[in-house]
Amino acid sequence: MDKQPSVAAYIRVSTEDQAEQGLSIPNQKSRLKAYCQSQGWKIYNFYIDDGRSGKDLERPGAQQILQDITEGKIDTVLVLKLDRLSRRQKDVLYLIEDVFEPNSIRFVSATENFDTSTPFGRAMLSVLAVFAQLERDTIIQRSKWGKLEAAKAGRWQGGQVYGYKYIPGTYKLQPTESEAQVVRQVFDLYETYGMRKIADMLNEKKIPSPRGKRWSHELISYILTNPVYLGKIRHLGKDYKAMHESIITQEQWNKAQATYERRQKFKIRRYGDSLIAGLVFCGECGARMRYKTVKQKYPKKTPRTIHYFVCYSQHDKGRGHMSRVDFCDCGYKHVNDIEDKVIEQIHNISINEELLRNEIEKEVSSTKSGNGQIESQMARSKKELKGIESALNRWYDAFEHGALNPAELTERVQQLKEKRNRLEEHIEILRGKLQEEKRQNIHAENVITQIRNFNKIWSESKYDERKEIIQGLVKKVEVFKNDETRVEFDL
């Protein structure tokens with residue numbers, strides 16, 4: 001008499017499956033119990049993964065089965081349908097070939113009439129695994145399409161957001177005027193002040209924050225970079241026109257983004273306690289100039305501290321990694337003198353807007369010539385991507401009609417998917433280049449505005465704010481041996 005099998009009855013229900021008829025946990029449990037009774041099998045245990053996706057094997061129930069197989073507690077794994085175990089063909093084949101077969105484990109589906117203890121059952125398993133994988137890919141694709149279509153239609157799906165009230169069932173946000181006024185105030189203040197300063201100002205006025213606590217740098221950053229306030233929805237890095245009203249204007253948004261990017265660049269280049277530290281280069285040899293503090297002592301006088309910029313080639317005598325030449329005699333330059341010359345040049349150009357615009361147009365026009373090529377490349381890549389999607393559908397149809405076996409389908413689909421991924425990455429790179437061109441134009445206009453208002457802003461700014469202004473407007477300062485100072489603006 002054959003030994004009675006010790007069965008691991010596996011049950012899985014994912015969030016999508018809750019609404020599917022016949023796949024609830026009680027239903028699966030009763031049907032597996034009835035199947036075992038009809039076969040005269042004994043159930044060792046029910047292994048249940050509730051609310052778990054079939055995308056991988058990182059599930060408590062599935063992991064416990066693997067553990068019990070290792071310990072020799074079970075010899076049969078039973079599921080209602082193959083996709084309960086996994087929707088990935090790779091995982092199914094791994095379990096069969098690397099876990100079940102080496103441990104003499106029988107794998108049985110109660111509704112699909114296969115049993116891996118028979119040759120026909122093993123063949124059927126490969127076919128069903130392919131379809132389980134196909135169904136998983138289809139679910140993922142439908143989910144992506146659903147979210148993309150919702151974004152294109154302007155439907156809001158992200159819950160509550162500061163400045164708006166979400167109206168359930170409408171996929172629409174409605175402005176809350178008291179909060180909307182704060183959002184507008186944040187964008188207006190950002191033209192002059194930094195994020196921390198704005199947060200301090202709101203806290204001083206005791207304006208409630210989105211979380212009911214204190215305003216912070218992070219909350220201000222969230223508001224300034226969130227396109228929802230422009231009446232848009234961001235999905236996978238792309239903005240779509242939303243159904244809800246905007247709180248700010250396009251001009252406010254453009255200025256804020258240009259200022260944000262400029263100040264982000266400033267944060268990564270702080271060198272010493274000077275308005276222009278990190279921007280100063282030697283006009284003689286091209287090396288960066290180091291910020292240096294020297295204490296001078298005079299007899300019978302109080303020692304004083306003097307701040308210099310000195311070329312790295314001169315300071316390190318050509319031996320340091322920052323040096324450009326073996327020897328440079330550009331000389332030590334007083335920090336205050338160089339700062340004054342930079343400020344004077346900004347002031348002069350602030351009252352000569354025509355000259356500034358000419359310089360900006362010259363700089364920007366040099367980058368526009370490549371736009372046409374980028375757009376052509378993007379159009380070709382999108383066309384090729386569309387062809388790959390059509391090819392994938394043809395292979396799936398061919399398999400469904402018996403023209404391909406599972407191995408052939410897997411090989412051809414894998415090649416197409418790899419090519420699709422490369423094309424999608426290439427398109428994103430091209431899209432980023434086009435966005436960079438747009439940002440540069442916005443940045444240029446913002447620089448004009450900043451310099452036009454330079455004298456007024458400068459007189460009302462504190463030291464840290466002045467440093468941020470200079471670092472945002474200036475790209476490079478060249479200092480020569482004869483003390484000539486040239487300013488290159490960050491256009």
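Start with the open sheet: three strands in the order β10-β14-β15, with mixed pairing (strands are DSSP runs of E, at least two residues, numbered from the N terminus; two strands pair if DSSP finds at least two bridges between them). Select 280-282 for β10 and 485-489 for β15, the edge strands, each pairing on one side only. This is a predicted model, where local features need pLDDT of at least 70, side-chain atom pairs count only at pLDDT 80 or more, and totals for chains, interfaces and linings use all residues. Residues are numbered from 1 along each chain as its sequence is written, and side-chain values use heavy atoms, leaving out hydrogens and water.

Next, pick 474-479, strand β14: it runs parallel to β10, joined by three bridges. Zoom in on Cys282, and you'll find Val479 of β14 standing opposite.

Then hop over to α6 (177-189) and α7 (195-204): their axes come within 10 Å and cross at roughly 140° (axes are lines fitted to C-alpha atoms, for helices over the stretch in contact, with angles from 0 to 180 degrees between N-to-C directions). That makes α6 oblique to α7 (under 35 degrees is roughly parallel, over 145 roughly antiparallel, 65 to 115 roughly perpendicular, the rest oblique).

Which residues of α6 meet α7? Show Val182, Gln185, Val186 and Leu189 in α6, which meet Ile198, Met201 and Leu202 in α7.

Notes:
Helices (H or I, at least four residues) and strands (E, at least two) are DSSP runs, numbered from the N terminus. Contact means heavy atoms within 4.5 Å.
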